Amino acid sequence: MMAPTCLLTATLALGVAQGVPAGPSGDDPFAARPESAALSWDLLGGGVPDGGALLRAELGFSRLLEAGVEVPVVDGFLMGATIGIDVGHFTPSNVDFGDGVDGALVFGLTGRYRLVHDSEWTIGLRAGLLGSAQLGRAGGGVRVPLRVSALYAIDRTFLLGAMVDAPIRLEFPARLDAIFSFPLVVGLAAEFHLLPSLALTAMAGLGPALDTRGVETAFRGQIGVGYRL
């Protein structure tokens, strides 16, 4: 009787094992993706989620502080609102922390569009229409941030690539001539997902800043955090 009993036990065990789904659950955004696959969402590239809002916050230069929320409105497109404090508009020479501090409260609408998002690459276009109010003095203006970021999925949690920032700015300081500036910053971008709903970002770049006051060196350095609701 030992052999039939062992055979029956083995058969039942095999049937149970075949009935149990392998791999992570369907709620995991990393599910059914190879080790080199891009994440199902991201903050910097083209990983626009199908649902749920994205909260983000950044620190650095020239945005000393920026916070925003974005929600998907159509397939491949996020839209939201942002507010922050900008100093120098990407140009360190504009910052002397005296009467010449070129700082402003910046607020308005932003959007991100998915250009590419596949098993290896995530490429996105971010743009916005922002208003600005000068800090410590009268005046305001309009800003149109533009950024393209292309990142490669090193593994399921780490993205590394490049970004090009080209924010347009038209400012009207009180009792001063209007200021038009167009920095062109090229640099590196990285994103690391600590959890399926939590990510850290970093960006750094250099380039020329075309300005009505001349040509300067533009710089951007930001670190950020994002959370998917």
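1. Confidence. The chain averages a pLDDT of 84, and 81% of the residues score at least 70. pLDDT is the predictor's confidence in each residue, from 0 to 100. Over residues 1–37 the pLDDT is below 50. That stretch has 25 contacts in the model beyond near neighbours in sequence; a contact means heavy atoms within 4.5 Å. Where pLDDT is low, the predicted coordinates should not be read in detail.

2. Ground rules. This is a predicted model, in which local features need pLDDT of at least 70 and side-chain atom pairs count only at pLDDT 80 or more, while totals for chains, interfaces and linings use all residues. Residues are numbered from 1 along each chain as its sequence is written, and side-chain values use heavy atoms, with hydrogens and water left out.

3. Strand β1 and its partners. Strands are DSSP runs (E, at least two residues), numbered from the N terminus. Two strands pair if DSSP finds at least two bridges between them. β1 (residues 54–61) pairs with β13 (residues 214–228) in the antiparallel sense, over 8 bridges. β1 also runs antiparallel to β2 (residues 63–74), with 6 bridges. β1 and β2 form a hairpin with 1 residue between them. R56 shows both pairings: it stands opposite G68 in β2, and its bridge partner in β13 is G226.

4. Strands β12 and β13. These two run antiparallel and are joined by 14 bridges. A hairpin links them through 2 residues. P208 has T217 of β13 as its bridge partner.

5. Aromatic pairs. Rings of Phe, Tyr and Trp (its six-membered ring) pair if their centres lie within 6.5 Å; planes under 30 degrees apart count as stacked, over 60 as edge-to-face and the rest as tilted. The count comes to 2 aromatic pairs. F61 and F219 are stacked, at 6.2 Å centre to centre with 25 degrees between the planes. F61 lies in β1 and F219 in β13, so the pair ties together parts that are 158 residues apart in sequence. F61 is buried at 17% relative accessibility, whereas F219 is partly exposed at 31%. Buried means under 20% relative accessible area, exposed over 50%, partly exposed in between (1.4 Å probe, protein chains only). The rings of W121 and Y152 have centres 5.2 Å apart and planes at 65 degrees, so that pair is edge-to-face. W121 sits in β5 (residues 121–134) and Y152 in β7, 31 residues apart.

6. A buried loop residue. T91 is in the loop between β3 (77–87) and β4. T91 counts as buried, at 3% relative accessibility. Setting aside residues up to four places away in sequence, T91 touches F61, A209, E216 and T217.

7. Nonpolar cores. A nonpolar core is a set of buried Ala, Val, Leu, Ile, Met, Phe, Trp, Tyr and Cys residues joined through side-chain atoms within 4.5 Å. The largest has 12 residues, among them L39, F90, L159, M203 and A218. β7 (146–153), β8 (158–165), β11 (185–195) and β12 (198–211) each supply at least two of its residues. Apart from it lies another core, of 6 residues, including V48, L54, L78 and A199.

8. L105. This residue is in β4 (residues 103–117). L105 is partly exposed, with a relative accessible area of 32%. Beyond residues up to four places away in sequence, the contacts of L105 include I83, I85, G131 and L135.

Note on methods
Helices (H or I, at least four residues) and strands (E, at least two) are DSSP runs, numbered from the N terminus.
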